[in-house]
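Subject: Structure handover

Hello,

Here is the structure I promised to pass on to you. My notes on what turned up in it follow below.

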Amino acid sequence: MDLEALRNADFTKLATAVADWSAMVTKLKALAEDARTDMGGKATKANWAGVNATVTREFIGKTAKEFGDAATEADSVRNILSDTHGELVGFKTELNNTIEQALARNLTVVSTGNGGFTVSMNIHPDRAAKGHPVPEHTVADEIALRDTVQGILQRATESDTTAAQALSMLVSQNPYGFSDASYYNRDVAAAAIKDAERIANLLKKKGDDLTPEEFDELNKDLAAHKDDRLFQEEFATTLGPRGLLDFWADLSDPSDGGTLQRARHDQLGDFQKNLSFTLAGATQSDSPAMRAWEDEMVKQGDQMVQTRGTRVYGFQLMSNLMRNGDWDNRFLNDYGNALVATEKKMKMPDHYWNSGTPPMPKMNFIGEDFGRDPMTGFMTGLANSPNAATEFFNTTQPTDNAQYVLKDRPVFDDTPLNSHDGNSSREATGNALVAAATGQNPLDPNSAQVDLSPDHRKVLDRSLNYLSQAGNDFPPEMRDDMAKVLSRHSDVVGHTASTLADDASDPRLLDRKELLEVSKQVSRDQNAYGMLNEAMNREMISDIHTGVPTDQKETLLRAGATVGFMEEARYQAIQTDKDDPSWDAKWLYHGFGAAANFIPVVGDVAQRGVDALAYQWQLDEQARINADISRQNGETFTVRERQLQALADEWAATNAHPGENRYTLTHQINGAAFDGNQRASGLAGNG
């Protein structure tokens, strides 16, 4: 900003803009509150059905959020404009006062017409009127005035340009909607951008030559800004995709002595998390700069990055920085599709991921795996971003992603010797599958249930298909994950388990053979078995209380059939692992813990029935273990006498009919259990 522009500036229009935005903020906040409590609240409480249960309800939810984002963005714009207006008015006043005060020392400031200015005498002593002495000044006074004016102009320029930069970035983050970034003044927004530039340039310049003290400060700064939208975008775009990969390769490779690694080994995991959160937030921006960043990062995936001691792929480096945060759906799917395509070209990807000479010792500092398998980090990123996970698992072109990661993909051990049992990549894939099929993040203990959509159901159908084909080679790491998926979809699971025959016209019906096989594999794990049965107990009670079939007795008979179906799955699991000496111990089930997020929720009245049923089910389980009960004459349901009786009693209490007694109901539900057991046995080829 030059001298005359600030000296004669008219900030009336800027003040008017601030006032207009303030009025807009008030209106938008009122609309946002109405959308949240009225439109959004009614949508949440409404009993939706059909297309309205998915498309319309989701649209209303997104629309309500957009009102909130609009209010947030308007508030940030108003705050930045207001702060900038106040600063510029202050700089103008300071400049004019400085020039006025300089006249008392016979100094004046004159514009040179090209953006610059000069400091000179106001009146030369030789031209002063007689009797009017000219105030004296020194060269130091001239220099001081020049520096003061220059400082005012520089601060005014910074205020003006940083405000423009912040506003431009804020608006461009979501060209077709509104940003949820919140800033209460220009200084905060400008400081975020400056910090991002400083940190990114430091990483480009020094890599892992950072001193431990610089690393500590860097880690602290990333943690402080991990939710700051402007910081995130400026950091990512300043560092650039290749700059990020080069830095992580440099930090991971200890061949230069690993000074920083040794000094801050215990802090590298936290640093990786903070960096991941920052980058994930950056991808939420839809600005042209971030779109270009994401596209370039995908292209870098199959490129080799040279370190001092080895070479690694971009996919390996980037995937380890995707383990935390909510990543943009488009980026995750573009990245994942490219990763799958690259692996299919490799045919034996484990050979490539371990091809460095020597292999990179470690690229991941969170958990046990080395980070050489890029699918592990990517799948963890999907688990944290359920909508992206749903899209990924339902994508069939150019590759059927679900078939590849659940059935075809060869996996390899990426953990140190003597580490935990299980494959990290499969564990991560299981978590991503849960997110895809339920819309919930299984890594977040506070993740709330969302309305299941046709896309979630599609993931369920496809996963049952591919995982059932594995038979007894079903990945053990995914047993608890499929238990969560089936638990969340307990409505259609119970419906399928209790259905008499296949019916192509029934949209609720799953493939019964596939469901039985996967239920069997789930039942080979203690906690997964307990979780699934807990969910089905709740589902049967809920159906008894809320089901509205033509014949009320249907809910009783379906409950019995479901018990028989689940018992056949349990029996097949026992037969598969009967030679395992620790088998009985596996069935001492004590609760489902974190999986509670995926268990159906029932009302208070029904919950009492659930509690009673769960108690009787556990008594049946313990009796079976104590007596070493095995199937006799195909009637596995006979070990469920207490469970079936509790179901009959609950049905009687909810649907009392004159003339029906406890014996009759018990007999009927036992018969239904027998029939369900026999049908399931037939599906398995045993009947």
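A definition to begin with: a salt bridge is a side-chain nitrogen of Lys or Arg within 4 Å of a carboxyl oxygen of Asp or Glu. Also, buried means under 20% relative accessible area, exposed over 50%, and partly exposed in between, with a 1.4 Å probe and protein chains only. Lys and Arg count as positive and Asp and Glu as negative, while His and the chain ends are not counted.

Please note that this is a predicted model, in which local features need pLDDT of at least 70 and side-chain atom pairs count only at pLDDT 80 or more, whereas totals for chains, interfaces and linings use all residues. Residues are numbered from 1 along each chain as its sequence is written, and side-chain values use heavy atoms, with hydrogens and water left out.

Now to R479. This arginine is buried but makes no salt bridge; D525, the nearest side chain of opposite charge, is 5.2 Å away. R479 belongs to helix α20 (residues 479-488); helices (H or I, at least four residues) and strands (E, at least two) are DSSP runs, numbered from the N terminus. Beyond its neighbours within four places in sequence, R479 has contacts (heavy atoms within 4.5 Å) that include Q521, R524, D525 and A528.

Finally, some backbone details. Most residues other than glycine have a negative phi, and most peptide bonds are trans. Here, Q397 and P398 are joined by a cis peptide bond, with omega about 5°; P398 sits in the loop between α16 (386-394) and α17 (401-408). N106, not a glycine, has a positive phi of about 65° and counts as buried at 3% relative accessibility. K347 also has a positive phi, near 70°, but this lysine is exposed, with a relative accessible area of 66%. K347 lies in the loop between α13 (329-346) and α14 (349-353).

Best wishes
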